[in-house]
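Please examine the sequence and the structure shown below. The briefing that follows is arranged by topic.

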Amino acid sequence: MEFITNNLAQTLMILGVLALIIEVAVLGMSTFILLFLGISLFATGLMMNFALLEDSLTTALWSNTLITAACAVLLWKPLKRMQDNVDNKEVTSDFAELDFVLTSDVDELGVSTYSYSGVSWKLKSQQPLSAGTHVKVVKKEVGVMWVAAI
């Protein structure tokens, strides 16, 4: 404990960086609590290192409390808005351009299947297609390929 109190500024900065790493790398910015705490710990340690704050546990506690609260008040809405901004663009992949000839009838029920890359995919279509029709994949979902006639 004496080592920590003798090197309080450096300890706080290390803990702040660890909190930021955990928030960003492990949690993927899903919670902002560790982000605010990490910023607060690092800032407090930096201010103690430059003698702007007294080098004591009580000062560290109060400083972290106030800086964490200030970060939460100032950054919560912008970060939440950034997190809610989702791109709904469809992802293109290697089998989005896939075309083949149907071996069985296809409709919206997804009864027929097609084996591609070792996986048996259910085939669905907006309009009924008969066997022997040349089709291409127009949309994909988990385990389902939506096809349309070419």
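With which residue does K139 form a salt bridge? K139 pairs with E141, and the closest N and O atoms are 3.6 Å apart. This is a predicted model, in which local features need pLDDT of at least 70 and side-chain atom pairs count only at pLDDT 80 or more, while totals for chains, interfaces and linings use all residues. Residues are numbered from 1 along each chain as its sequence is written, and side-chain values use heavy atoms, with hydrogens and water left out.

**Salt bridge**

- The structure holds one salt bridge, a term that stands for a side-chain nitrogen of Lys or Arg within 4 Å of a carboxyl oxygen of Asp or Glu.
- Side chains of opposite charge can pair when their charged atoms come close.
- K139 is partly exposed because its relative accessible area is 33%; the classes are buried (under 20% relative accessible area), exposed (over 50%) and partly exposed (in between), with a 1.4 Å probe and protein chains only.
- E141 has a relative accessible area of 35%, so E141 is partly exposed.

**Nonpolar surface patch**

- I14, L15, V17, L18, I21, F42, L46, F50 and L52 make a nonpolar surface patch of about 840 Å².
- Helix α2 gives the most to the nonpolar patch, namely five residues.
- Patches are made of residues with over 30% relative accessible area and no salt bridge; like charges are joined within 9 Å, and nonpolar side chains (Val, Leu, Ile, Met, Phe, Trp, Tyr) within 5 Å.
- Accessible areas come from the Shrake-Rupley method with a 1.4 Å probe, and for residues only the protein chains shown count as cover.
- Helices (H or I, at least four residues) and strands (E, at least two) are DSSP runs, numbered from the N terminus.
- I14 is found in helix α2, and I14 counts as exposed because its relative accessibility is 52%.

**Cavity**

- The count comes to one cavity of 30 Å³ or more, and the largest cavity has a volume of about 30 Å³.
- A cavity is a set of points, on a 1 Å grid over the protein atoms alone, where a 1.4 Å probe fits but cannot get out; lining residues have an atom within 4 Å of a point.
- The volume is the space filled by probe spheres set on the points, and grid points are joined across faces, edges and corners.
- The lining of the largest cavity consists of F100, V101, L102, T103, S104, S112, T113, Y114 and L123.
- Strands β1 (99–101) and β2 (113–116) each supply at least two residues of this lining.
- The lining residues divide into five nonpolar, four polar and no charged.
- Ala, Val, Leu, Ile, Met, Phe, Trp, Tyr, Cys and Pro count as nonpolar, Asp, Glu, Lys and Arg as charged, and the others, Gly among them, as polar.

**Positive phi angles**

- Most residues other than glycine have a negative phi.
- A51, although not a glycine, has a positive phi of about 60 degrees.
- A51 is placed in the loop between α3 and α4, and A51 counts as exposed because its relative accessibility is 65%.
- S117 is not a glycine either, yet has a positive phi of about 55 degrees.
- S117 is found in the loop between β2 and β3 (119–124), and its relative accessible area is 66%, so S117 is exposed.

**Buried helix residues and separations**

- A60 lies in helix α4 (residues 57–84), and A60 counts as buried because its relative accessibility is 4%.
- A60 and N85 are 25 residues apart along the chain, and their C-alpha atoms are separated by 35 Å.
- L35 lies in helix α3, and L35 is buried because its relative accessible area is 11%.
- L35 and T133 are 98 residues apart along the chain, and their C-alpha atoms are separated by 55 Å.

Definitions and conventions
1 Å grid on protein atoms, 1.4 Å probe; cavity = no way out; pocket = protein on both sides within 12 Å on 5 of 7 lines; lining within 4 Å.
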